[in-house]
Amino acid sequence: MSPGEVRSLADRVVARGEGVCREEALAFRDAPLADLLEGASRIREAFSGRTLQLCAIVPFASGACGEDCAFCAQSARWNTRCVPRRMEDEEVLAAARRARSGGARFFSLVVSGRVPEEGLFRRMVALIRRLREETDLHLCASPGLVDEAQARELAEAGLRRFHGNLETGPGFFPRVCTTHRFEDKLRTLAAARSAGLEVCSGGLLGMGEGWEDRVDLALAVREAGAVSVPLNVLVPIHGTPLESRPSLEPGEFLRVASVFRFVLPRARIRFAGGRARVGSDQEAALLGPVDGVLAGDYLTTPGPGWEQDRQLFARLGREVG
C-alpha cells in the first residue's frame, strides 16, 4: 500500500467515523510505517484529541485456574509457582483509591478461571456496590464466562463495563487455548451487551500469531461492540508453553496498534500489559494510535509505577482525563 493510499483511507475514516474493511486492513502489512502512524494519529486526534484515559486492575481472585491458556501464569496446568490468592475487600478499596489518585478513571476486578464460584460472585457483586458508593471510579470487571443473568446482576450493582479479551483471531485461538472456545467468549460479550454493559475486549500480541490473525482479532472485537480495546504484549512466563517466545520486532507493535485504530476509530485503544517489552516504541504509540493506558501493576507482573507514567505522559504532552 502506497503512502497516498494510506492518507486517503485515513481521510475517509476521519470523515465517516467508520473503520476500514478486512481487505484494506490486511494491506496495511506492507504500508510504510511512518505513514501508517501519521494516519492513525490523525484518526485518534479526530475522535479523542490528546486525552489519555487511564485504567487500573486488581487480581481479585488469582491463580488455580483450570483453563489451559498457553500464555497464562495463573493456569494450574503449568508449573509457574503462581500462588492462589483472594484479595480482602479493604485491599481492593485501598487499591481503588490509589488508582484514582494516580489519575485512573476506570477500575477493574479480575477473577481467574472459567466462571466464578457462587460465593466469590456474591462477594464481587457486593464489592462493586461498595466501590460505586465510596468512589467516583467507573467500574469494570473480568469475571469469566458469565451468563446474561449474572451480567445483569453486575450491572445493577453498579458495574459499567465488562472485560473479556478475545486474545487472538478465531483461526489461531485453538493453538492458544483448548478448554474453551472463541465462540464462548463471543457469547459472553453478547450477554454483557444485552445486560446493558459496555464491552472492553482486546488481545495479546507475540504468541506466534500471523498478520491475518491480528486483523481478524481487530474485526472480531469491532463486531463484538468493544468501546475499549486493550492491546497486550506477551511477557513470556517461565513454565508456560510460550516461555521461549521472542520479543516483537521493533515497530511491530506500532503497526498493529495503528491498524486497530484504522479498524476501530472511535474505540479506546489501550496499551496494556507488556509495555516494557516494546522499548522506545512505547512513546511513538502514545503519540500515535493509543489513547488509553493500563497503569499501575498488572495481574502477575509489575507495571512501571504511577509516578514514572505521570512523568512520561507529561513529557509527551498527553493530557490524562
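Is phenylalanine 173 buried or exposed? Phenylalanine 173 is buried, at a relative accessible area of 2%. Here buried means under 20% relative accessible area, exposed means over 50%, and partly exposed lies in between (1.4 Å probe, protein chains only).

The model is a predicted one: local features need pLDDT of at least 70, side-chain atom pairs count only at pLDDT 80 or more, and totals for chains, interfaces and linings use all residues. Residues are numbered from 1 along each chain as its sequence is written, and side-chain values use heavy atoms, with hydrogens and water left out.

Aromatic pairs were assigned to rings of Phe, Tyr and Trp (its six-membered ring) with centres within 6.5 Å; planes under 30 degrees apart count as stacked, over 60 as edge-to-face and the rest as tilted. The structure holds 3 such pairs. One of them joins phenylalanine 28 to phenylalanine 262. This pair is tilted, with 4.7 Å centre to centre and 50° between the planes. Phenylalanine 28 sits in the loop between α2 (22-27) and α3 (33-48), and phenylalanine 262 in helix α9 (residues 252-263), so the pair ties together parts 234 residues apart in sequence. Helices (H or I, at least four residues) and strands (E, at least two) are DSSP runs, numbered from the N terminus. Phenylalanine 28 is buried at 0% relative accessible area. Phenylalanine 262 is also buried, at 0%. Phenylalanine 173 pairs with phenylalanine 182: the ring centres are 5.8 Å apart and the planes lie at 70°, so this pair is edge-to-face. Phenylalanine 182 is buried, with a relative accessible area of 5%.

A charge is also placed over a ring. The charged end of arginine 270 sits over phenylalanine 106, 5.7 Å from the ring centre. The criterion is NZ of Lys or CZ of Arg within 6 Å of the ring centre and within 35 degrees of the ring normal.

In soluble globular proteins, nonpolar side chains tend to be buried together. The largest nonpolar core in this model has 97 residues. Such a core is a set of buried Ala, Val, Leu, Ile, Met, Phe, Trp, Tyr and Cys residues joined through side-chain atoms within 4.5 Å. Phe28, Phe107, Leu109, Phe253, Phe260 and Phe262 have the most contacts inside the core. Helix α9 gives the most to this core, with 8 residues. Contact between residues means heavy atoms within 4.5 Å. Beyond its neighbours within four places in sequence, phenylalanine 253 is in contact with Leu205, Leu231, Val233, Leu248, Phe271, Val278 and Ala285.

Helix α8 (residues 211-223) has 13 residues. The expected span is 1.5 Å times one less than the number of residues. Of the 13 residues, 10 are buried, so α8 is largely enclosed by the rest of the structure. The buried residues include Trp211, Asp213, Arg214 and Asp216. Their cover includes α2, α7 (182-194), β7 (203-205), β8 (226-233) and α9. Just after α8, glycine 225 takes a positive phi of about 85°.

Positive phi also occurs outside glycine. Alanine 64 has a phi of about 60°. Alanine 64 lies in the loop between β1 (51-62) and β2 (85-86), and is exposed at 54% relative accessible area. Arginine 81 has a positive phi near 60°. Arginine 81 lies in the loop between β1 and β2, and counts as exposed at 78% relative accessibility.

Two threonines are buried. Threonine 240, in the loop between β8 and α9, has a relative accessible area of 4%. Not counting residues up to four places away in sequence, threonine 240 touches Ala70, Phe71, Cys72, Ala73, Trp78 and Thr80. Threonine 188 is found in helix α7 and is buried at 6% relative accessibility. Leaving aside neighbours within four places in sequence, threonine 188 is in contact with Gly144, Leu145, Val146 and Phe162.

A disulfide is a pair of cysteine sulfur atoms within 2.5 Å. The count by this rule is 0. For cysteine 65, the nearest cysteine sulfur is that of cysteine 72, 6.2 Å away. Cysteine 65 is buried, at 10% relative accessible area. For cysteine 140, the closest cysteine sulfur is in cysteine 200, 5.4 Å away and too far for a bond. Cysteine 140 counts as buried, at 7% relative accessibility.
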